[in-house]
Amino acid sequence: MNAPLLEVKNLTVRFRLKRGILNAVQDVSFSLQESETFGIVGETGCGKTVTSLSILGLIPCPPGEITSGEILFEGENLLKKSPREMEKIRGRRIAMIFQEPMTSLNPSLTIGDQIAECYRVHMAYSKKVALDFTEQMLSLVRLPSPKTMVHCYPHELSGGMRQRVMIAMALACQPKLLIADEPTTALDVTVQAQILELLKELQAKLKMALIFISHNLAVVARLCDRIGVMYAGSMVELADKKSLFTDPLHPYTRALLNAIPSPELRDKTLNAIPGTVCNLFEPPPGCKFHPRCSKAKEICKTEAPVLELKSGKNLTACYFPGA
Amino acid sequence: MALLEVKNLTKHFEIGGGFFSRLGGGKKLLKAVDQISFSVPEGKTFGLVGESGCGKSTTARLITRLIPATTGEVYFEGMDVLNLPKRDVRKLRKHIQMIFQDPYASLNPRMRVVDIIGRPLTIFFGAKGQKRVDRVVELLELVGLRPEHLYRYPHEFSGGQRQRIGIARALAANPKLIIADEPVSSLDVSVQAQVLNLLRKLQRELKLSLIFISHDLNVVGYLADIVAVMYAGKIMEIGRAEEIFTTPLNPYTQALLASNPTVGSFAESIESPLKGEVTLPLNPPPGCRLEPRCPIRVSRCKTIEPRLEEKRLLHQVACHEV
């Protein structure tokens, strides 16, 4: 096996806020091969976005700080890079798509200018060449009539089209790694299906690795080969798509899968997870899921389990994995 | 007999008329809800599903008289809702209550829980003092909250708990019909399941009728007995939930279901059956609203609007080609 494209090792991120220290991400490790698709799933506040922002060096500091860990991208530790060096990597070798396409585009610039900026900054292309490439990118993401589209402002486009512009911008410099943070959450289902289809196709065509972040298990499942499940700042299970869905081991993953409503479950009570996500300012000792876990025993309350191979094929952070 | 009967309900909004649009060619008509008819039987859950901008929420506001309708008729227990004099609207709202989408925006941040839930008790029943507090405690317990929450403010609660407060407030009036507009959309899956279970339990125990509005097919399919699918201001299909989800007839419903990712379908490839995006029904052309995106369109779809017709028993579809 080749050296992985990206390796996140024991990443811990904290935010020093007025209320105290918020433990956003704790001891998260995963790796990604070239042109692999990796999904991160979890509920609000589980640390998915903070993890991805750490990779890009976008954690605001202060109040945020990465207290330990390494992020190795093509063998280099990104956490040791200077802001200037990160600027060269960001957008060039690692790119990101955000959730809300309206707020992540500049409303006062045409979309042509915004995409061309990637080429001007990273590739030092002339205006004319940059414009040519921009038009090519727009047709790659299947926006109609790219020649006129470059002169449009973001408000003239629909949500789905704006997200296509975001994808075009992210892929402009052919990054090795694309991080997509809830890219379809703000979209309607029929448009979501189109964007997922487009992302999958472009990922294969451009042979880039993809980290896809979502709160929706079903959406992640459509796109990713491997999936990591996060809860309250920790990775609790990491597995192949198939074994995660057919043989989930961590009680949280199992509970999450059981809590999804569907027409087939009519007349049955949903297996809701009792309680709410723990307070990240004062997380409970031991396993952070234990107050809501039906299988919690004494050890769960005192010692945090580590993510490891216990039984079956999935890595899981639980003392009593499986049924 | 149906509890609520909606006939040819229509709401048009005039868009524009401002300085710039006068330069640009005048007003346009947004046909947000266009000639829709349906009825909600007593004690059942009626699901209204569709993508953003299809007119789901406008329908809810029309029924509750929060906005005036353009034309159409709405009957609630035989009462002519749309022609009710203004002073009687409060009587209507005693019977029809709403739960809103955003539990952060729909609770007054400066009111305590006891006042939020107690207000409808005062307004509709004239409840005061200890009696009012006792009833609020009862309602809190009904929705799974505890008496110690009485004197707290909304910001002290999580999203799921706030939605429970919203449900308790709706129940306070002792309504016959509750309209829930995307009540679980802003909640995480694990909490969403708690609220869905609660809504279903309450609906059964209190024999409520529920109009449940959502863009999420899985949620509607789980909760509703009858489902209506809306697109661009029109009802495209309406029928029993089992039937809509197993044998959808309208191409739009079929596309919605095919686009809907489910955990069971993780191995399937992605395909988007509908091209393009929802266009707002601004000065819509005659013909079917879905026509520009429809995979099975024929020439007459462009000119003749399909009517909602009963194609199977209790299963109405608006499509020429079914």
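This is a predicted model: local features need pLDDT of at least 70, side-chain atom pairs count only at pLDDT 80 or more; totals for chains, interfaces and linings use all residues.

Reader: Let's begin with a pair of residues. What makes Lys7(B) stand opposite a residue in β4(B), and which residue is it?

Author: Lys7(B) faces Glu73(B) of β4(B). The strands around them are β1(B), residues 2-15, and β4(B), residues 71-76, joined in the antiparallel sense by 5 bridges. Two strands count as paired when there are at least two bridges between them, so β1(B) and β4(B), with 5 bridges, qualify.

Reader: How do you know that β4(B) and β5(B) pair?

Author: The same cut-off decides it: at least two bridges are needed, and β4(B) has 2 with β5(B), in the antiparallel sense. One of the residue pairs is Phe76(B) with Met79(B), the latter in β5(B). The two strands form a hairpin with 2 residues between them, and in that turn Glu77(B) has a positive phi of about 50 degrees.

Reader: Where else in chain B is there a positive phi in a residue other than glycine?

Author: Arg65(B) is an example, with phi near 65 degrees. Arg65(B) sits in the loop that runs between α2 (56-63) and β4 of chain B.

Reader: Why are β2 and β5 of chain A said to stand at the edges of their sheet?

Author: The sheet is open, and its 4 strands follow the order β2-β1-β4-β5 in chain A with antiparallel pairing. β2 (20-32) and β5 (76-77) each have a single partner strand, so one side of each lacks a neighbour in the sheet. For β5(A), the pairing with β4(A), residues 64-73, is antiparallel and has 2 bridges; Leu72(A) has Asn77(A) of β5(A) as its bridge partner.

Reader: What links Cys61(A) to Pro62(A), a cis or a trans peptide bond?

Author: A cis bond, with omega near -10 degrees. The next bond, between Pro62(A) and Pro63(A), is also cis, with omega about 10 degrees. Pro62(A) belongs to the loop between α1 (48-55) and β4 of chain A, and Pro63(A) is found in the loop between α1 and β4 as well.

Reader: How do you know that chain B agrees with a compact globule?

Author: For 322 residues, such a globule would have a radius of gyration near 20 Å; chain B has 21 Å, so the two agree. The C-alpha trace of chain B spans about 70 × 50 × 45 Å along its principal axes. Chain B contains 10 helices and 12 strands.

Reader: And what makes up the side of chain B that touches chain A?

Author: In total, 33 residues of chain B contact 37 residues of chain A. In chain B, α7 (189-205), α8 (217-223), α9 (241-246) and α10 (251-259) each supply at least two residues of that side. The largest share, 7 residues, comes from α7(B). By class, this side of chain B has 16 nonpolar, 13 polar and 4 charged residues.

Key: Residues are numbered from 1 along each chain as its sequence is written. Chains are lettered from A and ligands numbered from 1 in the order in which they are written. Two residues are in contact if their C-beta atoms, placed from the backbone, lie within 7 Å. Ala, Val, Leu, Ile, Met, Phe, Trp, Tyr, Cys and Pro count as nonpolar, Asp, Glu, Lys and Arg as charged, and the others, Gly among them, as polar. The radius of gyration is taken over C-alpha atoms; the globule rule is 2.2 Å times the number of residues to the power 0.38.
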